[in-house]
Amino acid sequence: MVSHEGILSAVYATLADIPDPELPCSIVDLGLVEAVDLDAACNVNITLLPTFTGCPALDMIADDVTRLVGALDMVESCTVQWVFAPPWTTDRITDNGRKSLRAHGVTVPEHGPMQPAGDGTTPLRTSAIPCPWCGSANTRLESPFGPTRCRTIQYCDDCQNTFEDMKRLSEE
Amino acid sequence: MTTMQNMLKNPDANLVLALADDLLMLGHVQGDWTGLGPILEEDIASSSMAQDDLSHALVLYEHLGAHFGIDADVIAYERDIADYRCCDLVTLPDEFDWAVAFVRRWVISHWAAPVLDRLTKSDDQDLAERCLRLRAEQSLHLTYLDDWMHRLGSGPDEGRTRIQTALDTIAEHAGMVMEVPDRDLADIEAFCCGREELFNEWTTAMNVVLEHAGFTMTFPLPALDAFGGRRGTHAPHFHEQHAEMTEVRCADPGATW
């Protein structure tokens, strides 16, 4: 007989190994996992937060979670629920996640309160972001829309490489 | 009454539908530009925003679907033509003139922002949470689009002329955004908020950008009983776009992939 805590820790360990299909980062490090609920009959319900609502990876992530967690011996069934509150932000990305993203040329805005958007718009970060390849601050926004919904494309004028930056969304 | 009619008779649902249908059709129409953007970055941006719009429409349809007991895809694809609440500005043909497509999107994005702001204050917590998320994502569109307007305004004459011409074209149709969407509840409550207040907030925000960029656009608030797309009397170009959008669904109902 496995304890409640034992099952939960197995579920979390499984989740920590599930990568985001489009980023070099697990869904746990990306901050997508909001809650794991386990009932007495060992049914698991996992609450996830979407990064961007239009992200085509969401269905793949939900499929991976239900399949892999559902396959655990002591789990009877696994369901996934996407919720919008609290809203996902880049602040949810763990230090481990940031490190992994950075190693692959993806920068993440620093933790901290969002710059107030007085005119109702969220400024895209256009100030110099330190280049993840060479550290130079001589960088600029190349394209505010990137390979996925959640990233912009930046360019470093010193090492002449592109890199990507996770978009920061406003919070209230 | 069917569940669909329950939804269509509900004043709150009509405002949500107006916004969701605008985004659905705009996302569909804007998809025509994929691969054809004037520069690579704009091509990516235009396609990304179209993708966002479709997903934002889905998020709103899912909310209505859960509330009224209707599948979100049925709401999106299987309503009668007269039950689509989008204004016909969103399907206005752009003839592949990027200036027209750009201004059309810019005007709709500026309208979506104050509408979403109002919906984030809804008593319906699920709707409020969804709209808070959509508002943040639409803000990224607005920032991008306003930036283009400023860049074009400070650019050479050809671009300035083409954008001002497009603004003049869109101004002839922009009022229809404010058509009251419900056929039977044609009073101020049908829009869930003060109509003049919304109109002023929307046009003021656009005028701030236009003034800075050196462009102009003026159009009046249409009469309360103005009748058009939002009340189901759609222009031929809506019918064409709707037929194209629903082609697969009609050919193979229930298809999945």
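At what angle do the axes of helix α5 (residues 98-119) of chain B and α6(B) cross? They cross at roughly 150° and come within 8 Å. Axes here are lines fitted to C-alpha atoms, for helices over the stretch in contact, and angles run from 0 to 180 degrees between N-to-C directions. Helices (H or I, at least four residues) and strands (E, at least two) are DSSP runs, numbered from the N terminus.

The model is predicted: local features need pLDDT of at least 70, side-chain atom pairs count only at pLDDT 80 or more, and totals for chains, interfaces and linings use all residues. Residues are numbered from 1 along each chain as its sequence is written, while chains are lettered from A and ligands numbered from 1 in the order in which they are written.

The crossing of α5(B) and α6(B) is left-handed. That term applies if the near helix is turned anticlockwise from the far one by less than a right angle; clockwise is right-handed. Residues of α5(B) that meet α6(B) include B:Phe102, B:Trp106, B:Ala113 and B:Leu116. On the α6(B) side, B:Leu127, B:Cys131, B:Leu142 and B:Trp148 are among them. By class, this contact has 14 nonpolar, 4 polar and 3 charged residues. Ala, Val, Leu, Ile, Met, Phe, Trp, Tyr, Cys and Pro count as nonpolar, Asp, Glu, Lys and Arg as charged, and the others, Gly among them, as polar.

Chain B also touches chain A. Two residues are in contact if their C-beta atoms, placed from the backbone, lie within 7 Å. In these terms, 23 residues of chain B are in contact with 20 residues of chain A. Helices α3 (40-68) and α6 (125-153) of chain B each supply at least two residues of the side that touches chain A. The largest share of that side, 13 residues, comes from α6(B). Its classes are 10 nonpolar, 6 polar and 7 charged residues.

Helix α3 of chain B holds B:Glu62. B:Glu62 counts as partly exposed because it has 18 C-beta neighbours inside 10 Å. A residue is buried if 20 or more other C-beta atoms lie within 10 Å of its own, exposed if 12 or fewer, and partly exposed in between; C-beta atoms are placed from the backbone. The C-alpha atoms of B:Glu62 and B:Asp157 are separated by 45 Å. These two residues are 95 residues apart along the chain.

The largest nonpolar core has 74 residues. Such a core is a set of buried Ala, Val, Leu, Ile, Met, Phe, Trp, Tyr and Cys residues joined through C-beta atoms within 7 Å. B:Leu19, B:Ala20, B:Ala57, B:Leu89 and B:Val103 touch the most other members. Elements that give two or more residues to this core include α2 (11-30), α7 (157-174) and α8 (195-213) of chain B. The largest share, 14 residues, comes from α5(B). Residues up to four places away in sequence aside, B:Leu89 touches B:Arg104, B:Val107, B:Ile108, B:His173, B:Ala174, B:Met176 and B:Val177. Another core, of 28 residues, lies apart from it, with A:Cys25, A:Leu49, A:Phe52 and A:Leu101 among its members.

Chain A has 3 helices and 7 strands. From the N terminus on, its elements run α-β-β-α-β-α-β-β-β-β. Of its 172 residues, 35% count as buried. Residues 24 or more positions apart account for 55% of the contacts in chain A with a separation of 6 or more.

In chain A, 3 strands form an open sheet in the order β1-β2-β3, with mixed pairing. Two strands pair if DSSP finds at least two bridges between them. β1 (33-38) and β3 (77-82) of chain A stand at the edges, each with a single partner strand, so one side of each is left without a neighbour in the sheet. The twist averages 15° from one strand to the next. β1(A) and strand β2 (residues 43-48) of chain A run antiparallel, joined by 5 bridges. A:Ala35 has A:Thr47 in β2(A) as its bridge partner. Helix α1 (residues 4-15) of chain A packs on the sheet, touching β1 and β2 of chain A, and its direction makes about 145° with that of β1(A). Helix α2 (residues 58-70) of chain A also packs on the sheet. This helix touches β2 and β3 of chain A, at about 155° to the direction of β3(A).
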